[in-house]
Amino acid sequence: MAYLLKTTFIPSSPALRHHRIPGSGQSAARVSTGPFHAKIREIFMPALSSTMTEGKIVSWVKSEGDKLSKGESVVVVESDKADMDVETFYDGYLAAIMVEEGGVAAVGSAIALLAETQEEISEAKSKASSRQPSSADQYAAPAAAPVDQVKVSENAENPSLLPLVAKAPTVTASSSLHPASEGGRRIVASPYAKKLAKELKVELSRIVGSGPNGRIVAKDVEAAAAPAAPAPERSAMHTPTGSVELGTVVPFTTIQGAVSRNMVESLNVPTFRVGYTITTDALDSLYKKIKSKGVTMTALLAKATALALIQHPVINSSCRDGKSFTYNSSINIAVAVAMDGGLITPVLQDAHKVDIYSLSRKWKELVEKARTKQLQPHEYNTGTFTLSNLGMFGVDQFDAILPPGTGAIMAVGASQPTVVASKDGRIGMKNQMQVNVTADHRVIYGADLSSFLQTFAKIVEDPKDLTF
């Protein structure tokens with residue numbers, strides 16, 4: 001779902017300049033007593049999420065002078081969670097771009113000017129050039145590495161890894177082509193794909209994207225580079241050492257800043273932690289049987305969690321104001337996914353109602369969208385309970401930090417062969433995993449969490465209900 005650009009009029013005649021508000025002693029900008037004649041509008045940086053305070057311009061879909069129609073995509077903005085296409089709310093011409101690609105602007109600040117007619121484009125450009133640096137300019141990316149002024153590959157830095165020295169792209173006002181285009185054809189690619197293309201020396205102009213609306217994603221770049229040079233092995237948890245200069249100071253990316261704010265906010269919540277050991281032999285056996293049908297272990301754990309939450313609604317509740325709590329009507333399982341330079345939690349909505357096969361397909365779709373930064377707000381900010389699984393990396397056990405606005409988060413460790421003794425004194429070998437739950441103690445108490453973990457363990461140890 002794209003978001004609409006909000007705009008406002010810029011007066012271009014004396015009749016439309018500041019007017020005194022009777023009795024207020026103040027003047028109100030852009031207020032008129034009659035019909036508007038000025039048709040130059042400011043395009044503002046939109047708020048794409050409730051936590052967004054600033055946005056980064058990933059790419060301008062349109063160039064200066066292009067004609068725009070209402071509802072048409074104009075710019076791709078990186079919020080604190082994802083890249084989103086932003087549409088215009090008005091017809092007109094993109095007269096002047098005030099924040100270039102790679103620049104960062106505060107929410108509500110002007111990023112471009114929109115003219116209603118071609119005749120007003122020059123006037124809009126004049127207004128843009130005569131303006132003092134706005135709040136958007138003050139946020140201009142201070143940490144972008146020098147980028148060669150080459151068509152197509154320009155601005156190929158990864159926003160998850162902001163380099164160190166800024167060099168803004170140069171565009172002349174008279175140019176009819178945007179510097180990120182090739183012969184006038186727009187090259188739309190994810191920030192990570194751009195960075196990868198630069199590393200592998202692949203021209204984006206010769207790649208056909210497989211992402212949404214033909215967007216070029218990382219796997220497209222790797223496929224194009226395969227005949228010449230194999231793509232470097234990458235992990236979602238590690239940064240390529242070649243892109244890190246030791247001893248340097250790197251500012252937070254947009255997503256890192258959002259994670260930082262959330263983690264600091266979580267310190268205000270009184271939490272406690274409870275661990276539980278669960279035998280996974282039956283779950284492992286089920287997974288082996290249905291893995292070939294596209295089922296993922298993440299989906300199985302999410303489904304088991306959702307079924308347990310049905311019986312323990314207080315664990316699915318949330319406290320936001322410190323005075324009351326809400327029994328959430330939906331069971332939405334958020335699952336932490338590591339990205340280059342950040343972390344995001346795609347949400348499996350109503351996981352208790354969805355069959356395991358559909359849930360697995362949905363999870364794979366969400367992961368792909370997360371890695372290409374195409375998640376929509378409802379796909380990452382509607383979680384009511386969170387799973388964090390480091391077991392896939394061989395981690396035995398760990399504690400997770402509670403995301404603000406939720407009641408609990410469960411940290412899942414690796415399932416490993418363990419020597420255990422039965423009640424009759426026999427020694428045997430079983431696969432077991434350790435789960436640790438961090439909960440909001442204002443709402444959830446030890447007895448509540450213990451009962452929930454017992455129910456969750458029963459479902460995992462006898463998983464017949466997971467396939468219905």
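Predicted model: local features only at pLDDT ≥ 70, side-chain atom pairs only at ≥ 80, totals over all residues.
**Notebook: salt bridges and a helix pair**

I started with Asp-462 and Lys-464, whose side chains meet in a salt bridge at 2.9 Å, N to O (a Lys or Arg side-chain nitrogen within 4 Å of an Asp or Glu carboxyl oxygen). Asp-462 comes out partly exposed at 41% relative accessibility, and Lys-464 is partly exposed at 47% (buried is under 20% relative accessible area, exposed over 50%, partly exposed in between, with a 1.4 Å probe and protein chains only).

Residues are numbered from 1 along each chain as its sequence is written, and side-chain values use heavy atoms, leaving out hydrogens and water.

I then looked up the salt-bridge total, and the structure holds 6. Another one joins Asp-424 to Arg-426, with the closest N and O atoms 3.6 Å apart. Here Asp-424 is exposed at 55%, and Arg-426 is exposed at 62%.

Next I checked Glu-379 and Lys-369, which form a salt bridge at 2.9 Å, N to O. Lys-369 sits in helix 8 (356–371), and Glu-379 sits in the loop between helix 8 and strand 20 (385–389), 10 residues apart (helices are DSSP runs of H or I, at least four residues; strands are E, at least two; both numbered from the N terminus). Both Glu-379 and Lys-369 are buried.
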